[in-house]
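Hello,

Here is the structure I promised to pass on. Please open it first, then read my notes below.

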Amino acid sequence: MTDKTPLRADARLNKERILAAAEDVFLERGAGVSLDDVAKRAGVGIGTLYRRFPTREDLLAATYSARFLSLAETSHAREADLSPLDALRTYLEELVQYSNLYRGFAASLGTVLQIGTPGCLATTQEGIRLLDRAQKAGAVRPDISFNDLVCVATAISLATEQESAPQAHIAHLVGVFMNGIGFR
């Protein structure tokens, strides 16, 4: 959530406990786990959880925010070393890999990226920037949108989330997509 009102100490502690519990439960059992289980693990009531995170996607966005910030920062830092198309390809591969961290997270990726946490905003802005750069370089068709990239990341993540070592398969599927969006 992007609420800027400072929290009381007890509310801030509850929020931190919810986020820590959500991280643990999502890693253990996936993004589709009951939010009651998250509240119980955090030692708070379900009403307290929903007051801080009105939807599952809000909670997922909050737990992913730092990861998404890292993805965007890493992507931006390596830009000079890669061609526009390779930078976009690497970003897309990493977005899929991040989406596979919590089993079942991919189904919410598009919604989560719109939540407005610092990490969600940074990841979206970086993807849009890289896409625009690749399009201006003439490496990607102009009719491709960032939403298209999110749809593909979602599909690839869903296709690979059950694999124990999906990196090669992710790279292959991203390559298939990248070949399809380029000019022939």
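Cys151 counts as exposed, at 54% relative accessibility. The cut-offs are these: buried means under 20% relative accessible area, exposed means over 50%, and partly exposed lies in between, with a 1.4 Å probe and protein chains only. Before going on, note that this is a predicted model: local features need pLDDT of at least 70, side-chain atom pairs count only at pLDDT 80 or more, and totals for chains, interfaces and linings use all residues. Residues are numbered from 1 along each chain as its sequence is written, and side-chain values use heavy atoms, with hydrogens and water left out.

How many disulfides does a search of the whole structure find? The search finds zero. A disulfide here is a pair of cysteine sulfur atoms within 2.5 Å. Cys151 is in no disulfide, and the nearest cysteine sulfur, that of Cys120, is 16 Å away. That distance between the sulfurs of Cys120 and Cys151 is too far for a bond. Is Cys120 buried or exposed? Cys120 is buried, with a relative accessible area of 0%.

Helices are DSSP runs (H or I, at least four residues), numbered from the N terminus; strands are E runs of at least two. Axes are lines fitted to C-alpha atoms, for helices over the stretch in contact, and angles run from 0 to 180 degrees between N-to-C directions.

Start with helix α5 (residues 84-99) and helix α9 (residues 167-181). Their axes come within 10 Å and cross at roughly 135 degrees. So α5 is oblique to α9. Under 35 degrees counts as roughly parallel, over 145 as roughly antiparallel, 65 to 115 as roughly perpendicular, and the rest as oblique. The crossing of α5 and α9 is right-handed. A crossing is right-handed if the near helix is turned clockwise from the far one by less than a right angle, and left-handed if anticlockwise. On the α5 side, the contact includes Leu85, Leu88 and Leu92; on the α9 side, it includes Ile170, Val174 and Phe177. Contact means heavy atoms within 4.5 Å. By class, the contact of α5 with α9 has nine nonpolar, three polar and two charged residues. Ala, Val, Leu, Ile, Met, Phe, Trp, Tyr, Cys and Pro count as nonpolar; Asp, Glu, Lys and Arg as charged; the others, Gly among them, as polar.

Now take helix α4 (residues 56-78), which packs with α5 at an angle of about 165 degrees. Their axes are 11 Å apart. That angle makes α4 roughly antiparallel to α5. The α4 and α5 crossing is right-handed. Among the residues in this contact are Tyr64, Phe68 and Ser75 of α4, and Tyr91, Leu95 and Tyr98 of α5. The contact of α4 with α5 has six nonpolar, four polar and three charged residues.

Ser75 lies in α4. Ser75 counts as buried, at 2% relative accessibility. Leaving aside neighbours within four places in sequence, Ser75 is in contact with Tyr91, Glu126 and Leu130.

Thr74 is also found in α4. Thr74 counts as partly exposed, at 37% relative accessibility. Thr74 and Pro6 are 68 residues apart in sequence and 30 Å apart in space, C-alpha to C-alpha.

Thr154 sits in helix α8 (residues 146-160). Thr154 counts as buried, at 16% relative accessibility. Which residues does Thr154 contact, leaving aside its neighbours within four places in sequence? They are Ala106 and Leu109.

Best wishes
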